[in-house]
Amino acid sequence: MPDGVRLVFQPAYTPEVQPAETLWTLVDEPVVNKHIPSLEALDKIISARCAALATEREKINSQTGFHWWPKIANPR
């Protein structure tokens with residue numbers, strides 16, 4: 001191990017390591033407990049859901065916004 005480098009052990013699954021992890025429940029809503037016949041159909045459903053969520057900033061913000069996350073100067 002080089003000087004000045006130290007290992008930091010973190011939990012394997014935590015939203016603070018992968019902030020987008022908390023958004024999967026929103027993205028998955030249209031496909032939960034459903035049979036999707038093909039990857040193309042799944043792609044269309046998930047693409048449409050992501051496009052719809054892109055306009056719902058409050059919903060997204062309610063699932064994210066950790067205390068340590070940098071704040072943007074000019075939010076849209």
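Here's a short tour of this predicted model, from the whole chain down to single residues. Local features need pLDDT of at least 70 and side-chain atom pairs count only at pLDDT 80 or more, while totals for chains, interfaces and linings use all residues. Numbering starts from 1 along each chain as its sequence is written, and side-chain values use heavy atoms, with hydrogens and water left out.

Start with the whole chain in cartoon. You'll find 3 helices and 0 strands, running α-α-α from the N terminus. Helices here are DSSP runs of H or I with at least four residues; strands are runs of E with at least two.

The chain exposes about 6700 Å², 59% of it from carbon and sulfur atoms (Shrake-Rupley, 1.4 Å probe). Of the 76 residues, 13% are buried, meaning under 20% relative accessible area, with exposed being over 50% and partly exposed in between (1.4 Å probe, protein chains only).

Next, select M1, in the segment before α1 (24-28). M1 counts as exposed because its relative accessible area is 65%.

Then jump to R49 in helix α2 (residues 39-53). Buried or exposed? R49 is buried, at 14% relative accessible area. Show its contacts (heavy atoms within 4.5 Å): leaving out residues up to four places away in sequence, R49 touches L26, V27, E29, P30 and K59.
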